[in-house]
Amino acid sequence: MRWSIRVARVGGTEVKVHITFLLLLAWLGLVYYFAGGVPAAVDGLLFILLLFGCVLLHEFGHVFAARLFGIATPDITLLPIGGVARLQRMPEKPVQELVVALAGPAVNVLLALLLFPLAETSGEMAAMATLDQPGSNLATRLLAVNVILVLFNMIPAFPMDGGRVLRALLATVLSYLTATRIAARVGQALAFAFGFIGLFYNPLLIFIALFVYMGASQEAEAAEMQAASDTMTVRDAMVTEFLTLPLDARLDRAVDALLRTSQHEFPVVDPMGAVVGILTRDHMIRELKSGGLETPLASVMLQNVRPVHVDGDFREAHLRMRESGCPAVPVVDSMGRLVGLITTENVGELMMIRSALVRE
């Protein structure tokens with residue numbers, strides 16, 4: 001994820017902090033400071049950091065559960081709205097997805113049980129909701145946070161864990177695609193309900209509604225893509241008519257190719273015809289602003305973009321594209337010759353066509 005800073009690495013999983021999270025800390029620090037001075041700012045920021053510590057442990061619950069099934073977890077990114085653990089692939093069996101989905105909330109349940117003896121629970125339970133009041137019992141606030149995290153994440157809607165739990169349960173008796181469609185529709189219905197209630201009671205619910213609706217839509221699209229691509233090879237998805245750029249060319253030649261064609265990504269090849277990088281339109285425009293037309297392509301192109309074999313599995317190729325962060329992947333034959341290109345634009349068009357033809 002762009003604008004993320006790596007802060008740690010735990011067992012092969014990088015922990016990253018998005019820059020907006022740091023901005024959130026700075027803003028909250030000022031809010032607490034003006035509300036109660038330095039003591040309030042220190043207490044408030046300590047609480048926020050511990051809160052996101054609970055979120056991080058929640059995500060590691062998913063990570064360690066995924067590893068039980070051989071699923072790699074490259075990174076966890078902390079955002080102002082929570083944490084995101086990126087799994088290299090989704091669990092193949094409903095029981096596996098159920099375990100991975102429940103592992104996160106299970107961590108919060110465990111944390112709540114550990115905090116309970118330290119919390120002030122003699123008063124009304126409503127007192128536990130005073131999360132924005134520096135000076136109140138820290139353990140009580142953290143206990144409330146973990147309870148809220150469990151309840152919020154178990155809402156049966158994507159992208160929350162409850163949506164994945166619902167899909168896993170449905171997938172035990174239905175196909176994966178049908179289960180995803182039903183779970184996505186449930187999530188979208190809940191999103192409309194949250195949005196409607198938010199109009200009259202709390203604007204925050206409108207934000208949550210948008211978050212839930214987009215998450216449900218993306219999950220449904222991903223399932224449609226998976227179903228449509230199950231029998232596809234790289235050959236089925238690749239573009240065969242495209243321009244390449246020589247390694248010794250300058251940016252002016254790339255600009256000319258961009259304007260003369262509808263192509264947005266260009267393989268860069270050495271004198272022997274081997275692919276050494278990919279030049280994207282975004283990198284091209286960015287470099288034009290700073291370096292000009294005479295900039296060598298070698299200093300602009302994306303390197304280390306591994307090619308895929310023409311007869312390889314499309315899903316693996318698409319996964320490699322996502323992992324590389326490059327919107328295009330070169331395709332080579334058994335002799336290592338460049339024969340095609342897979343781009344996100346072409347994949348999107350192909351998936352729309354294939355998913356329209358899918359019949360269960």
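Analyst: Let's start with strand S9 (residues 328–332) and strand S10 (residues 338–343), which pair in the antiparallel sense over five bridges. Please keep in mind that this is a predicted model, in which local features need pLDDT of at least 70 and side-chain atom pairs count only at pLDDT 80 or more, while totals for chains, interfaces and linings use all residues. Residues are numbered from 1 along each chain as its sequence is written, and side-chain values use heavy atoms, with hydrogens and water left out.

User: What makes S9 and S10 a pair?

Analyst: Two strands pair if DSSP finds at least two bridges between them. S9 and S10 have five bridges, so they meet that rule. Within the pair, Val332 stands opposite Leu338 in S10, and Val331 stands opposite Gly340 in S10. The two strands form a hairpin with five residues between them, and Gly336 in the turn has a positive phi of about 85 degrees.

User: How do you know what counts as a helix or a strand, and how many does the protein chain have?

Analyst: Both are DSSP runs numbered from the N terminus: helices are H or I with at least four residues, and strands are E with at least two. By that rule, the secondary structure of the chain comes to 11 helices and 10 strands.

User: Why is the link between Arg167 and Glu97 called a salt bridge?

Analyst: The term asks for a side-chain nitrogen of Lys or Arg within 4 Å of a carboxyl oxygen of Asp or Glu. Here the N to O value is 2.6 Å, so the pair qualifies. This pair links distant parts of the chain, with Arg167 in helix H4 (residues 161–171) and Glu97 in helix H2 (residues 94–115), 70 residues apart. A search of the whole structure finds six salt bridges.

User: Are Arg167 and Glu97 buried or exposed?

Analyst: Buried means under 20% relative accessible area, exposed means over 50%, and partly exposed is in between (1.4 Å probe, protein chains only). Arg167 has 0%, so it counts as buried. Glu97 has 3%, so it is buried too. Across the 360 residues of the chain, 42% count as buried.

User: What do the values say about Asp311 and Arg235?

Analyst: Their closest N and O atoms are 2.7 Å apart, and they form a salt bridge. Asp311 lies in the loop between strand S8 (308–309) and helix H10 (314–324) and Arg235 in helix H7 (residues 234–237), so the pair ties together parts that are 76 residues apart in sequence. Asp311 has 48% relative accessibility, so it counts as partly exposed. Arg235, at 44%, counts as partly exposed as well.

User: And Arg337 and Asp333: buried or exposed?

Analyst: This pair also forms a salt bridge, with its closest N and O atoms 2.9 Å apart. Arg337 has 52%, so it counts as exposed. Asp333 has 13%, so it is buried.

User: Which residues of H4 and H5 meet?

Analyst: Gly163, Leu166, Arg167, Leu170 and Ala171 in H4 meet Tyr176, Ala179, Thr180, Ile182, Ala183 and Val186 in H5. Contact means heavy atoms within 4.5 Å. The residues of this contact divide into eight nonpolar, two polar and one charged. Ala, Val, Leu, Ile, Met, Phe, Trp, Tyr, Cys and Pro count as nonpolar, Asp, Glu, Lys and Arg as charged, and the others, Gly among them, as polar.
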